[in-house]
Amino acid sequence: MPQQGLSFSSSLSTPTYITVNFLVHTHAHCSREGVAMAGFKLPYSVHTRYGAEFLVPFPTSISHPRFHFAASAGCRVHAGFLMQTLALLYPNSLCYRNSRAKVSLQVPFTSRASAQALTEELAEDKQKDLPASGDAIRQRFLDFYASRGHKILPSASLVPEDPTVLLTIAGMLQFKPIFLGKVPREVPRAATSQRCIRTNDVENVGRTSRHQTFFEMLGNFSFGDYFKQDAIKWAWELSTLEFGLPADRLWISVYKDDDEAFAIWHNEVGVPAHRIKKLGEDDNFWTSGATGPCGPCSEIYYDFHPERGISDIDLGDDDRFIEFYNLVFMQYNKKDDGSLEPLKQKNIDTGLGLERMARILQNVENNYETDLIFPIIEKASNLANVSYTLADESKKTDLKIIGDHMRAIVYLISDGVFPSNIGRGYVVRRLIRRAVRTGRLLGIKGDGMGDLEGAFLPVLAEEVINLSTNIDPDVKTRASRILEELKREELRFVLTLERGEKLLEQMLADALSIAQANGTLPCLSGKDAFLLYDTYGFPVEITKEVADERGVSIDMNSFEVEMENQRRQSQAAHNTVKLAVEDGAELTENIPDTEFLGYDTLSTKAVVEGLLVNGKPIMQVSEGNEVEVLLNRTPFYAESGGQIGDHGFLYVTEAGKKEAIVEVKDVQKSLGNIFVHKGTVVEGVINVGKEVEAAVDANLRQRAKVHHTATHLLQSALKKVIGQETSQAGSLVAFDRLRFDFNFHRPLKDNEIIEIEGLINKWIGDATLLESKVMSLTNAKKAGAIAMFGEKYGEEVRVVEVPGVSMELCGGTHVNNTSEIRGFKIISEQGIASGIRRIEAVAGEAFIEYVIARDNHMKQLCSTLKVNAEDVTTRVNSILKDLREARNEVSAARAKAAIYKASTIVSNAVTVGSSTKIRVLVESMDDIDADALKSAAEYLVDTLQDPAAVILGSCPGEKRVSLVAAFTPGVVDLGIQAGKFIGPVAKFCGGRGGGRPNFAQAGGNEPEKLLIALEKARDELISILSEKTG
């Protein structure tokens, strides 16, 4: 019996393939000739995947045409797939298969003037029936490609493994090693929803409809599997059938020389030629750098205003079009001479902007008004007591900036990026401060809910965290850490913001006034911009924005000079992903992955698979040369997870005699999972193909094992003592020590360090056996295993557990029993960046060496002080007290001597002015120190009485100059300030200085210029005072 709609699919449990030929039969057996015809357009998937005819014609005069798909020469189609697809198009149709493997569909007649109209109606129905929330769009994209054989992989961290890129800026970044051929592909095709950060065009955020700092890039990737044809057709099917976008609103761009892509879009997909635009290299040819993988790309644009017609189309018109899907056909390698050669493995790299698709499907004016961002904007509107709908464009822009920046800030902090003045930390600090300032411009006071001393960013961050479930579920587990860090950073910035704003306003007013007087363009000096950055925490970008609003430019060249003087090792963000095809890519074709045996043995027989000298393959290396050795198997641990590589030896033995010896000083992973043993041939000659005895230095391995397990215990102890929210931010496991970086906002207290050490040493004394096992990543996380910072994991992971204490995902080497650690001691704890602390510690043999060394130091100290160890502290405190008293006595004596000397030069003061008599004294006081000079100046102004001005100088040591200026209130009231006056004097002596209006000190390093400087100061001071007093 015929079944209705989709229910027929249940009878097709066994795959049935038929050959399709389209025939039209009617009850009247009407001839096609002379009969008005309509068209039935097959779904894209039948047409493009199986090669069937695209348009099935039928007479419009027939009320119930039947489409019979009968066995004959044609194409092979899965019967169940075909009937489900046709039933989807016509839910009220009758779909059945007869005994001769024929498929029939009886369709209630609806006349169609064209196939296009039917496609558009289906698209409209799809849009109406399926959810269009951001979360739903993300899931529909992933489900679409999962059904086409793609492995769904998680988003990588915003902190990339690639050292050439500061932050994750593209979905393809985590696959860069595969595209380079450095690591083998684990799957032929994949799909992801990747969190990304781009700040190179942050000034456009909120001002355009589409610019964002944080966004999600949906991508499907092929690693030498499918190429242009499938990539294009699936992109079209996703857009028109899955997301239901009307076909006549979609425009295509292709590279001007990519005739293949043009033909697929036009001939196979059916896009009219006038809606396919050929663009140049700048728009549609993707390159990774000066050399490396590259290729043409094709983009899909959505037309918001089709009523404007099809003439003079400019796809760059943001008001009319938005590019939402980019397909990169990675098919060439660009060589040093600029020529292109075909890649051996052609790849597909695509990106669909989630926020852009949400804007289209949710029918809103811009990306910010989608459900991915707008709830944050609404919260900010409430805090500012502003209606977004009724707000002017300026306030709307500010609200969009906050909505965008809050997402970037929260996800960056969640991924371990904390505010600082360099690198990634500067990016998040800049965004935080930009959001704080923007919120203040909107009128948000305090936390926006009545607490004027509070912070509003944590309130907004809670909204971001609520929206994070399907983006990154780990964000909610880190919520308290994110909120605490935001509160600290905002309140810290607010302390200096008001003063900085006032100073900036004064600087801009001065710049405008000077420009008006001189008839020049107003410009803020780089030195002033740097002062705002360095002293008041104003990112120069914020200063620039405010200056732009006032029509003032900034001398960025001089600002960069100031920055370079202060911070020569600053990191800069990279906004392109650099790929390069290296020699290693060729080598990896011939060298298999290295089998690691080091968990179970420290020595093994192995075969030399390759030798490298200066990165180049070589067949033989002789004594005295540095070499990189590739083995088929190895007991050597290669550096990863913070643990350094093993040391040891490679022995080549012939007839029981050592023919060659290579001393290994480092082991690194390269080209995927190939271990590179770096060392020196200390004896003989080593050849490719030779068998070697690979032997790890057992003592150093044990030291590394001890420190690695101790690191795990340290993390557990920190969580117990200072809170579960703390987490690892980096580590080093070396032979002589361990280093552990963690997220925390303050220094550890002495009692906390003692408690941490006590816990770890107790666990060591418990002599607990460690357990290690391999399991799926999902099960490991469910079991509570902690992931190590910066590590990337496959589906199968190794879990190292100290039962009852610690469980972590870790590929490193560890002790068998905690008792092997013997002892643990923290040797330092310090801050290395805002919100990041660092502990250095020793364990095992290094712990014993440390204790012995400290004991020897103590014995020497006891011998010198002639006391027992327990009395050292008391004795040292007593010595320090005596020293302070002696210094105070000397200082007092020097001050008395300086005052006495000052009393002898009072008579050298001169009187200046007619209406007001001002006493001026400028003298050198030989070699007295700065403190005594200050005492002398204070004595002199008291003696001379108001109004008086005193400037004194001295040379207290070799290459040292001390200066002091003391002005009474009567002089200051004339507009002459000691702090400003003393600066040029000090500069003449090779120094700098400043201070209050009434008192200032300075220094220099050119004592030979002191007398001349004082003479100039006397003349200038007398001149100014004379002018002021008539």
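My entries below go from the ground rules to one helix, a recorded site and some salt bridges.

**Ground rules**

I am working with a predicted model, in which local features need pLDDT of at least 70 and side-chain atom pairs count only at pLDDT 80 or more, while totals for chains, interfaces and linings use all residues. I number residues from 1 along each chain as its sequence is written, and my side-chain values use heavy atoms, with hydrogens and water left out.

**Helix α24**

I began with α24, which has 32 residues and reaches 46 Å from first C-alpha to last, close to the 46 Å expected at 1.5 Å a residue. Helices here are DSSP runs of H or I with at least four residues, strands are runs of E with at least two, and both are numbered from the N terminus. The expected span is 1.5 Å times one less than the number of residues.

Which residues of α24 are buried? I found Val872, Ala895, Ala898 and Ala902. Buried means under 20% relative accessible area, exposed over 50%, and partly exposed in between, with a 1.4 Å probe and protein chains only. These buried residues pack against α23 (845–865) and α25 (930–944), where contact means heavy atoms within 4.5 Å.

I then turned to the surface, where Val876, Leu880 and Leu883 form a nonpolar patch with about 210 Å² of accessible area together. Patch members have over 30% relative accessible area and no salt bridge; nonpolar side chains (Val, Leu, Ile, Met, Phe, Trp, Tyr) are joined within 5 Å, like charges within 9 Å. The areas come from the Shrake-Rupley method with a 1.4 Å probe, and for residues only the protein chains shown count as cover. Leu883 sits in α24 (residues 872–903), and I log Leu883 as partly exposed because its relative accessibility is 37%.

**The recorded site**

I looked up the UniProt record next: its unreviewed entry lists His708, His712, Cys810 and His814 under "binding site". They span 107 residues in sequence, yet no two of their C-alpha atoms are more than 9.9 Å apart, so they gather at one spot. The positions follow the numbering used here, feature names are shortened, and such annotations may be inferred rather than shown by experiment. His708 belongs to helix α20 (residues 698–722) and is buried, at 0% relative accessibility.

**Salt bridges**

How many salt bridges did I get? The count comes to 46, taking a side-chain nitrogen of Lys or Arg within 4 Å of a carboxyl oxygen of Asp or Glu.

I picked Asp225 and Arg189, whose closest N and O atoms are 2.6 Å apart. Asp225 lies in the loop between β12 (214–223) and α6 (228–242) and Arg189 in strand β11 (residues 189–197), so this pair ties together parts 36 residues apart in sequence. Asp225 is partly exposed at 34%, whereas Arg189 is buried at 16%.

Asp926 is in the loop between β40 (918–924) and α25, and Lys901 is in α24, so the bridge ties together parts 25 residues apart in sequence. I log both as partly exposed: Asp926 has a relative accessible area of 45%, and Lys901 has 26%.

My last entry is a network: salt bridges that share partners join Arg195, Asp415, Asp472, Asp474 and Arg478.
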